Structure formats: structure tokens, C-alpha cells
Amino acid sequence: MGVYHAGSRAVQDLVGVRERADHVGRSLGQDIKVVAAAFLELQPLLVVGAADPGTGGVWASALTGAPGFVRATGPRRMSVVTGARYGPLATALATPGTRVGTIALDPRTRRRMRLNGRLTPTARGFAVEADQVFSNCPKYIQRRDSYETPAGRTPGTSRRLTGLHADAEALIRSADTFFLATVHPGGADVSHRGGNPGFVHVTSPRELAWPDYSGNAMFLSLGNLRADRRAGLLFLDWDTGTTLQLTGEARAEFAPDGTRTVRFTLAEARWTPAALPLRWSPPEYSPANPPANVGE
């Protein structure tokens, strides 16, 4: 398979950016370059996305550890050492050959790196043999200058939800960042979505919507959704460490004026208080963020 599958090509053609996508696609490779390896070793947070091999649901989970818990251990191999709970991805991350997408995002530098490939469980975590390795621009990433690990923070009990409760809705409405996991017949991917608080709309206890801002023209996520509507969303509270994981289906709507909206329908959610041990400093919003229409 080339850089793009039929789903991404269909969206690129619909929007009229195939030539630009071909140019940007040349940045994708399989090798983890020296600068990328150095970046990985500085990160305390990695987001992983995959489909559960039993239920088929697509989820995104946040993994944390002391810097160095994620490392390049070969030209095309990333290893993750973690004792963290994997939540709804526990089975997928213990199954050899699982197609996974990963993203390491550093709010301190507003840099991000994505690595997608096949998973192999290891004695201390798992490794991923890379099919795609690439970086994205800092657009829509909020800067957070520092983080700490508060003493005594203990993860709460994870709750399964079939609809959003008030706290979950409040977290979504105040979010300036979330992560989107998608799949296609040849793999999986996790992307970052950012904007000013209010850019994600709760339209009902089981439905969300958000604008798809202009990006790098590759349309990997929307292309995946064109081929397979399954999706997983991860929202996190950068202060308390609480996480909200959602699985369901998503579709993109293309308006005549060129704007795009993604609509997500919830199948199941997991709410976990204090799931992550990190407390980040308050955000400095990206200058690229469009104003959020919180009343939409």
C-alpha cells in the first residue's frame, strides 16, 4: 500500500488538494530519524489507538511514564515500557500483530510525532514496528510550559458509560485538545485535534460535533473515516489527570462554502478520575485557533 489509501484519495479529490497531498506525503517514511528518536525519549505521554480485537471498537488510550519510557530501539522499532493500565485497549496491546497508531505530543515545544505500525507484546510493555513515521506542524497545539507529578495522586475507578454525564459534558465543552483514533484496512492512526475551548460541541448525551480545521492536506483521519466509520476519542483534563475515552462512529460533512464538520455518535465511554499522574501548567492557546462558536 502507498502513502494513501482510497479513502484519503477520495477526500483529497473532493477538496481539491491531491497535488499538495502528494508533496506532503513525501515526508512520510518508515525510519525513526535521530532527531525523532531524541524527541521520543523526552516524552512523558504517548497516546495509542487501535481496534479491540474482540468487540471491534476503536479506542484511544494515554500512556505515561518517566521520560525514556518510550524509546527508539531500532531503525524502525519503538519500544514502550509501562506498567500503566491500558483500559479498553488491554486486549489489543497484548495481541501480536495488532495494527496501532501512536502520537507523542509535547505541549512544551508544540511538537508532535506520529508512528503507526504493527505491535509486538514484550515482557515490559510492547514494541511497534513502524510502517509510517512523520511529524506535523505546531498548528492548533496549545503550549503548556511544564508539568509535575503530584504526590499521592491515585487513579480512581473507571466507569463505563453509554451516555455522557454532566461531568463528561463539562470536560468536553472546556477542552482545547483531544485525540482521534481511526482505522483502515491496512492500519490505524491517532491524530491531534485542537482549538479554543468550545470548539467541540455536545449536541446530545450521545453525539458530538467539531469543525475540521484546515491542516496538512493529507486527510489521513477523514480518509480513514471514509473507509471505516469506527472512531475513538480521548479527552483529558491536563490539571487533574481525569480521562474520558469514547468509542463509536464518526462521519464528515462537507459544506458548499468549503467548511467541514465531523459528527460522532457514541457507543460506549470510559470515565476515569485521576487516570494520569501528570499535572500540566495552564495553556497558552495557539495563535492558529479560530474563534470557537460555543453556542452552535
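Residues are numbered from 1 along each chain as its sequence is written, and side-chain values use heavy atoms, with hydrogens and water left out. Because the model is predicted, local features need pLDDT of at least 70 and side-chain atom pairs count only at pLDDT 80 or more, whereas totals for chains, interfaces and linings use all residues.

Helices (H or I, at least four residues) and strands (E, at least two) are DSSP runs numbered from the N terminus. The axes of helix H1 (residues 6–15) and helix H2 (residues 18–25) come within 8 Å and cross at roughly 130°, where axes are lines fitted to C-alpha atoms, for helices over the stretch in contact, and angles run from 0 to 180 degrees between N-to-C directions.

Most residues other than glycine have a negative phi. Tyr 140, although not a glycine, has a positive phi of about 70°, and this residue lies in the loop between strand E7 (125–136) and strand E8 (147–148). With 10% relative accessibility, Tyr 140 counts as buried, meaning under 20% relative accessible area, as against exposed at over 50% and partly exposed in between (1.4 Å probe, protein chains only). Phe 219, likewise not a glycine, has a positive phi of about 55° and is found in the loop between strand E13 (207–211) and helix H5 (220–227). Phe 219 counts as buried at 12% relative accessibility.
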